[in-house]
Amino acid sequence: LTTHDLDREHQILQLYDCYAARLQSYAATLVRDESIAQDAVQEVFLRYALMVRDGREVASPKAWLFRVLRNYVLDSVKAAHVKNEIVMEQMPEHADGTEDPEQQYASAELSRYLLSSLTPRELACLRLRSHGLRYNEIATVLSIRPGTVAALLSRCTGRIQQVLGTKPAAHPGEAAAKDSCAV
Amino acid sequence: VPSESRKPRTAPVAFLRRALDRLHSTPSGHVNPATLLAYRDGELPEDEMQRIGKHLEHCAECRTQSELERWQMDRLAKSESEVPAPDSGQRRSELQSLLRSLRTSAPAPTRSLLALLTGRKAAANGDVQPSSNRYRKLLIVTILVFHVMLGFVAYAAWRFTGNPRWVRAFFGSAGDLFLMELAIAAFYLALEVRRGFSVGEPLYRGWYLITTAFACDVLGSIFGKLLATQPNPLWNFFLPEQLHQFGLFMGGPLEMLLLGGGLLSIVHAYHRAGIITFDLSTPELLLLASAMAYTLCANIQADAAIHSGMIWTLQDSMKVSLDPLLLVLLGAAMVLRRSVQNLGEKALARCWSAMVWAICLIFVGDMIHWATTYHLLPAQIGSIGWHVWFVSGTSYALACAFQLQAMEKTAECIGARQSHSAAAAG
């Protein structure tokens with residue numbers, strides 16, 4: 001047993017403290033199953049430990065962890081014959097902090113509608129960004145260029161603008177959501 | 001733990017400036033939405049940040065757009081990230097003990113990694129039947145030794161009697177037959193490996209392509225060699241020249257392309273799983289460098305030969321054009337070998353070692369052929385050198401055999417673990 005081993009373990013646990021919660025919440029958005037998400041996070045940290053065992057370095061541990069976690073979860077979802085990345089019925093109900101149940105329903109409906117109008121790549125970018133990844137990290141995770149990340153994310157907002165701006169009566173939740181925005 | 005600070009990027013060169021400006025702004029002179037978003041997320045280079053900050057001070061339209069984007073993005077992000085993360089204290093101590101066990105015991109891949117590398121069927125319930133032919137590797141090697149000895153007998157007969165027909169007859173009949181046997185063995189074993197993976201698994205596509213490559217090899221050795229050799233006048237009479245060339249194409253470029261596709265697909269799967277490592281050792285790098293040097297030499301010389309009006313057959317050009325592809329194959333096999341070695345998977349490491357050997361030996365065979373063609377080596381050496389093809393073919397078959405062995409080992413290991421836990425539960 002060397003101090004090097006201890007150092008490395010300490011380093012991995014530090015990474016765990018930093019990112020485990022975010023990784024798990026990210027995994028949960030992909031698969032909507034707490035136990036699979038928890039297992040995935042543990043698996044990813046074990047793989048990381050195997051990877052850095054002989055003094056090897058991983059260039060960006062955060063991006064590495066997110067990339068491997070994403071691939072692992074998507075592969076296991078694929079294996080379970082659940083092909084859709086988004087499970088609409090199980091989206092979080094409380095999309096924002098408003099108290100009024102009617103408005104809550106409306107805005108949850110709207111989120112659902114908006115998210116369903118995004119392409120898988122746009123959604124993937126959005127998810128990673130909302131879990132605190134920087135553009136170049138998102139690019140590493142999805143194997144795309146950083147410039148593409150910015151374009152995809154701006155397309156997300158463009159899509160919302162399109163939905164809210166040009167088709168006001170297309171969906172029951174929109175009027176209410178617009179009101180809440182104005183307030 | 002890495003810091004979250006953003007690295008300042010170097011300022012773009014002046015002449016790129018105008019192009020960049022055009023990229024960042026809409027035709028009407030405003031900042032485009034993607035750049036605005038990147039600005040708000042602090043992802044632009046330092047000078048761009050300042051420039052757009054200044055623009056926003058003056059331009060109300062862009063400011064409104066930016067505010068709108070901020071609201072929309074926050075809203076989307078909020079609806080996505082509001083999954084409560086449960087307390088992970090128990091999980092943390094679990095991980096700690098797992099890390100500690102990793103420190104003391106020999107490194108072993110996790111179960112899900114085993115499932116990735118050797119197929120979910122093997123890792124799920126020990127489904128793969130224990131091998132009925134445990135001696136398949138021994139069998140392959142024994143037949144190889146027999147053929148090589150036969151070849152040397154033919155060679156000795158040539159040296160003693162001075163009649164080269166001995167060697168020609170050997171390579172024309174027994175040799176080609178043996179190459180076909182090896183191709184069939186490799187195809188059969190690869191098919192067995194492919195059966196261990198179900199559709200949609202990360203390694204399925206890779207092994208599918210490798211199996212197809214070996215099927216092409218079988219067809220190639222039948223049409224390109226066995227039916228077209230000189231002491232076989234009957235077959236040669238029936239076999240049209242096109243079919244012969246088709247066989248050469250199947251056993252040459254097509255096989256190597258498919259094999260390359262398979263290996264790269266497996267590299268991709270390893271990369272996705274985060275277990276790839278590119279740190280090759282110095283001997284491996286030297287080997288790659290010398291293969292590269294040979295490829296360059298052979299291609300330059302081929303070019304010169306074509307220009308000087310040398311008669312150039314289809315087979316020759318196939319050989320030369322294949323070398324760069326072989327180089328990629330060699331690199332991929334080396335990386336795969338290094339990656340599984342790193343995981344402590346011995347049988348799998350042997351599988352990719354055999355693959356590395358097979359590809360290396362093709363290079364050696366090509367080199368000998370090339371050297372004898374240009375009279376850099378005496379013809380006798382060339383005829384001994386032909387045995388390299390046998391060893392190369394054997395290595396392909398052995399690679400598949402080792403992968404099968406790894407799959408059986410996983411199945412046994414998981415089966416034993418399951419019966420152990422069942423006994424503990426009982």
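Salt bridges and core

Analyst: With a relative accessible area of 12%, E137(A) is buried; buried means under 20%, exposed over 50% and partly exposed in between, with a 1.4 Å probe and protein chains only. This is a predicted model, in which local features need pLDDT of at least 70, side-chain atom pairs count only at pLDDT 80 or more, and totals for chains, interfaces and linings use all residues. Residues are numbered from 1 along each chain as its sequence is written, chains are lettered from A and ligands numbered from 1 in the order in which they are written, and side-chain values use heavy atoms, leaving out hydrogens and water.

The partner of E137(A) is K62(A): the two form a salt bridge with their closest N and O atoms 3.3 Å apart. K62(A) is in helix α3 (residues 61-79) of chain A and E137(A) in helix α6 (residues 135-142) of that chain, so the pair ties together parts 75 residues apart in sequence. Helices here are DSSP runs of H or I with at least four residues, numbered from the N terminus. K62(A) is also buried, at 2% relative accessible area.

In chain B, E48(B) and R51(B) form a salt bridge, with closest N and O atoms 3.4 Å apart. Both lie in helix α3 (residues 46-58) of chain B, three residues apart, or about one turn of the helix. E48(B) is buried at 1% relative accessibility, while R51(B) is partly exposed at 31%.

E192(B) and R195(B) also meet in a salt bridge, at 2.7 Å from N to O. They too are three residues apart, in helix α9 (residues 165-195) of chain B, and E192(B) is partly exposed at 26%. E284(B), R337(B) and R338(B) are linked in a network of salt bridges.

A nonpolar core is a set of buried Ala, Val, Leu, Ile, Met, Phe, Trp, Tyr and Cys residues joined through side-chain atoms within 4.5 Å. The largest has 149 residues, of which W207(B), L263(B), Y270(B), W352(B) and Y396(B) touch the most other members. Helix α15 (residues 346-373) of chain B gives the most to this core, with 15 residues. Neighbours within four places in sequence aside, the contacts of W352(B) include W207(B), L263(B), Y270(B) and R337(B), where contact means heavy atoms within 4.5 Å.

How values were computed:
Salt bridge = Lys/Arg side-chain N within 4 Å of Asp/Glu carboxyl O. Helix = DSSP H or I, 4+ residues; strand = E, 2+ residues; numbered from the N terminus.
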